[in-house]
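User: Hi! Could you walk me through this model when you have a minute?

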Amino acid sequence: GKKHRTRSAENVFKEIEYLYKTYNIQEFYIADDGFNLDIARAEKICDLIIESNIKIGILFPNGLRADRMEVSLLQKMKKAGVFYIGYSVETASKRLQKYIKKNNDLDKLLYIVEETAKLNIFTRGYFMLGFPTETISEIKETINFSLKAKFHATTFFIVTPNPGTELFDITKQKIPSHKKDIKSFHYHNALGYSISEVPDDKIQKLRQKAILLHMLNPTQLLRTLKVLFIICGFNIFPQIFRAFKINFTVFIHRYKENKCQK
């Protein structure tokens, strides 16, 4: 449903403390993308971690809402050990923000992303291409927005309809099930379908272009190297090499895969 249900801050902290003291767990992935909906509760969790003096690393890889973030919370998250935050943007089109019922405040989002980066927290942006009724100009608007924001890294997904969602019903109307198996949709590739106003091959080319623009952006590269060095020290260099090799290999593989599908 729509109701936001939470465990108490004390309950969450006790679990973290138990895992830390009993099993020496020192890095925590918090997959709750609604963590910062209740600012007071989120700050209380951070306060309890800070007061306990336990030294841990915390990541939020799923994508928080940047427009629901406050600088005061970010500062406490940093002190509590947070070194990675993903922010879900989806689209830079205000029309589509309303259409998908996300209603992100894009101006505040830009501000919060910059403030997060200033605290040397690795900041990743999540975007989606191929919404129903989306146009080429709106996709380009999203790509330009992603370059404007002070992210250290970005990920571009293809809009994928999941069963049980309104998007799934819209897709079935646009692409009858006897013509296309919706289960074959994949959030990295436009596999011969389009539920937007943009042909799937064009969406794929725009996605590849967006990835390359970020990979080859010298300003973003320097910003990313700086924060990674602050977080990891000299150990970061072999990690960067491995990450670049893996990302480049994956990019080439998907490019060839798309060529074969055509």
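User: Great, what should I know about the model before reading on?

Analyst: This is a predicted model, so local features need pLDDT of at least 70 and side-chain atom pairs count only at pLDDT 80 or more, while totals for chains, interfaces and linings use all residues. Residues are numbered from 1 along each chain as its sequence is written, and side-chain values use heavy atoms, with hydrogens and water left out.

User: Which residues have the most contacts inside the largest nonpolar core?

Analyst: They are Ile49, Met77, Ile85 and Tyr87, in a core of 46 residues. A nonpolar core here is a set of buried Ala, Val, Leu, Ile, Met, Phe, Trp, Tyr and Cys residues joined through side-chain atoms within 4.5 Å. Buried means under 20% relative accessible area, exposed over 50%, and partly exposed in between (1.4 Å probe, protein chains only).

User: What is Met77 in contact with?

Analyst: Leaving aside neighbours within four places in sequence, Met77 is in contact with Phe35, Cys46, Phe60, Leu64, Met69, Val82 and Ile85. Contact means heavy atoms within 4.5 Å. There is also a second, separate core of 7 residues, including Leu59, Tyr84, Phe122 and Leu228.

User: Switching to helix 6, which residues are buried?

Analyst: Glu138, Ile139, Thr142, Ile143, Phe145 and Ser146 are buried there. Helices (H or I, at least four residues) and strands (E, at least two) are DSSP runs, numbered from the N terminus.

User: And what covers that buried side of helix 6?

Analyst: The cover includes strand 3 (82-90), helix 5 (106-118) and helix 8 (200-215).

User: Which residues are buried in helix 5?

Analyst: Among them are Leu106, Leu109, Ile112 and Val113. Helix 3 (71-80) and helix 6 are included in what covers the buried residues of helix 5.

User: Last topic: where is Asp38, and how exposed?

Analyst: Asp38 is in the loop between strand 1 (27-29) and helix 2 (39-52). Its relative accessible area is 33%, so Asp38 is partly exposed. The C-alpha atoms of Asp38 and Arg68 are separated by 8.9 Å, though the two residues are 30 residues apart along the chain.
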